[in-house]
Amino acid sequence: MSNVVETVTEIVQPIVERNQFELEDIEFIKEGKNWFLRVYIDKPEGIDLEDCALVSEQISEHMDKIDPDPIPQAYFLEVSSPGAERPLKKEEDYVNAVGEYIHISLYEPVDDEKIYEGTLKEVNNETLTLTIRVKTRVKDIEFSRKTIAKARRAIQF
């Protein structure tokens, strides 16, 4: 399915940029019997329903004109904001999240824990440092980037 995502990215990127949005992510996944093409867009002031509808319509029109169809099976197109708890996938996502509260899941436990939340203090190619709160103490923990299974922005309560 990565070929579908790559092909669709080449098609969708110019449409998103022409509307002065950022293409955050594209997913092509099967849920139950149905396939979904999900396109996540953003802009500095945030995305609204009209923005999603505009881009969805333009993508649909363009995809319908392509022969042969880049996605031969039936699918549902969804265009939306990546949301407040958007995943951190690209290097740029991590750099932009410095100073933000994030959630990470690890492949292997560190100090008997596989899930951490804290403020992203530093990031480089090899590691990231989170400032976390343990009861009344605040401490920095450095994680190897290789040990991180998933990372996303988080809402602090």
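This is a predicted model: local features need pLDDT of at least 70, side-chain atom pairs count only at pLDDT 80 or more; totals for chains, interfaces and linings use all residues.

Residues are numbered from 1 along each chain as its sequence is written, and side-chain values use heavy atoms, with hydrogens and water left out.

**Overall make-up**
- The protein has 3 helices and 8 strands; helices (H or I, at least four residues) and strands (E, at least two) are DSSP runs, numbered from the N terminus.
- Along the sequence these elements follow the pattern α-β-β-α-β-α-β-β-β-β-β.
- The C-alpha trace spans about 60 × 30 × 30 Å along its principal axes.

**Burial, contacts and surface**
- Of the 157 residues, 37% are buried, where buried means under 20% relative accessible area with a 1.4 Å probe, counting protein chains only.
- Contact means heavy atoms within 4.5 Å; among contacts between residues at least 6 apart in sequence, 50% join residues at least 24 apart.
- The accessible surface comes to about 10200 Å², with 48% of it belonging to carbon and sulfur atoms; the areas come from the Shrake-Rupley method with a 1.4 Å probe.

**Charges**
- The protein has 20 positive and 33 negative charges, and their mean positions are 7 Å apart.
- Lys and Arg count as positive and Asp and Glu as negative, while His and the chain ends are not counted.
- Each charge is placed at NZ of Lys, CZ of Arg, CG of Asp or CD of Glu.

**The open sheet**
- 5 strands form an open sheet in the order E7-E6-E5-E4-E8, with antiparallel pairing; two strands pair if DSSP finds at least two bridges between them.
- Strand E7 (137-144) and strand E8 (148-153) are the edge strands, and each pairs on one side only.
- Neighbouring strands of this sheet are turned by 40 degrees against each other on average, direction ignored; the axes are lines fitted to C-alpha atoms.

**Pairs and hairpins**
- Strand E4 (residues 101-110) pairs with strand E5 (residues 113-123) in the antiparallel sense over 6 bridges, and Val110 has Glu113 in E5 as its bridge partner.
- E5 also pairs with strand E6 (residues 127-134), antiparallel and over 4 bridges; Thr119 stands opposite Thr131 in E6.
- The hairpin from E5 to E6 runs through 3 residues.
- E6 and E7 run antiparallel and are joined by 8 bridges, with Arg137 in E7 as the bridge partner of Val134.
- The hairpin of E6 and E7 has 2 residues between the strands, and Lys135 there takes a positive phi near 55 degrees.

How values were computed: Axes are lines fitted to C-alpha atoms, for helices over the stretch in contact, and angles run from 0 to 180 degrees between N-to-C directions. Buried means under 20% relative accessible area, exposed over 50%, partly exposed in between (1.4 Å probe, protein chains only).
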